Amino acid sequence: MKYIISGLLLIFSTAASFCQYNNFKNVSLEMETETAKGGYVSNVLAKIVYGNDGSMVSFYKSPKEYIVFNNAKGEIKIYDPQKNTVLQQQNYFYSTETSQFYFFLNNKKSDLGLNQMGFTQSNVKFEEGLMITEWLPPTQMATQVSKVELVHENGDPIYIAYFDNENNVSTKSFYYNYVDLAPRLNFPSSITQINYTTPTDSTITRTTYSNIKLDRPENLESLNFKIPNDAKNIN
């Protein structure tokens, strides 16, 4: 269950940006995520569907079947069709408008939402066609984050790194294989994120998006999926 919730923050906001930046009514995409840690590799497959009202339905296919609903308010429901159970929570961090990738295609590629989160740009430099900016955290985050480094190439973010309070990289992400979806709309169909849990240990997650469909009738059918009335609520 935990891997699903953590994945939502990335996936939902990516799809949400398509609609809000280009006035699409709905969008669907296939997602495949591969996570490597401690010599073990796990895979997650899902179909994600988003409506321009902020509603989202995610159909997880592997390693276990789940259907996840959430919205801009941070309301989330996780339905297990095999057990006919539903878990409900509400947290703004689950909103379709909070994650970094909400800003990616929502005309905020210049800072990936750092300014909105309270970061302040402290430095900018140019090296071999790359623009490298450095951002300092707001006071309430200063004990956990010392700075953020963001790199653009031709106006597109290709790398971001968060540094901990000892000035070591704690998380870094690479964005690549940009795809043109519509005029003035491109996004990275491949993302690699590395989380450093200790100085010598890390978790590597690679995510790819494919089969993107805009304003299709089948998207509406997915968005209108209903949890059975007899599903049992669990905590």
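**Salt bridges and ring contacts along the chain**

Lysine 109 and aspartate 156 are both buried (under 20% relative accessible area, with exposed over 50% and partly exposed in between; 1.4 Å probe, protein chains only). The model is predicted, so local features need a pLDDT of at least 70 and side-chain atom pairs a pLDDT of 80 or more, while totals for chains, interfaces and linings use all residues. Residues are numbered from 1 along each chain as its sequence is written, and side-chain values use heavy atoms, without hydrogens and water.

What do lysine 109 and aspartate 156 form, and how far apart are their closest N and O atoms? They form a salt bridge with a closest N to O separation of 2.5 Å (Lys or Arg side-chain nitrogen within 4 Å of an Asp or Glu carboxyl oxygen). The bridge links distant parts of the chain, 47 residues apart: lysine 109 is in the loop between helix 2 and strand 7, and aspartate 156 is in strand 10 (DSSP runs numbered from the N terminus: helices H or I, at least four residues; strands E, at least two). The structure holds 8 salt bridges.

A further salt bridge is formed by aspartate 80 and lysine 64, at 3.7 Å from N to O. Aspartate 80 belongs to strand 5 and lysine 64 to the loop between strand 3 and strand 4, so this contact ties together parts 16 residues apart in sequence. Aspartate 80 is buried at 4% relative accessibility, whereas lysine 64 is partly exposed at 25%. The charged end of lysine 64 also sits over the ring of tyrosine 66, 5.7 Å from the ring centre (Lys NZ or Arg CZ within 6 Å of the centre and within 35 degrees of the ring normal). The loop between strand 3 and strand 4 also contains proline 63, which is joined to serine 62 by a cis peptide bond with omega of about 10 degrees.

Lysine 147 likewise takes part in two kinds of contact. Its salt bridge with glutamate 134 has its closest N and O atoms 3.6 Å apart; the partners, 13 residues apart, are in strand 9 (lysine 147) and strand 8 (glutamate 134). Lysine 147 also lies over the face of phenylalanine 163, 4.6 Å from the ring centre. With a relative accessible area of 17%, lysine 147 is buried, while glutamate 134, at 24%, is partly exposed. Elsewhere, Lys213, Arg216 and Glu218 are linked in a network of salt bridges.

Phenylalanine 59 and phenylalanine 225 are an edge-to-face pair because their planes stand at 85 degrees, with ring centres 6.0 Å apart. This pair spans 166 residues, from strand 3 (phenylalanine 59) to the loop between helix 3 and strand 14 (phenylalanine 225). Phenylalanine 59 is buried at 17%, and phenylalanine 225 is partly exposed at 32%. Phenylalanine 119 and tyrosine 162 form an edge-to-face pair, 6.4 Å between centres and 85 degrees between planes. Phenylalanine 119 is in the loop between helix 2 and strand 7, and tyrosine 162 is in strand 10, 43 residues apart. Both of these residues are buried. Ring pairs also join Phe59, Phe69 and Phe225 into a cluster.

Definitions and conventions
Phe/Tyr/Trp six-rings, centres within 6.5 Å; stacked < 30°, edge-to-face > 60°.
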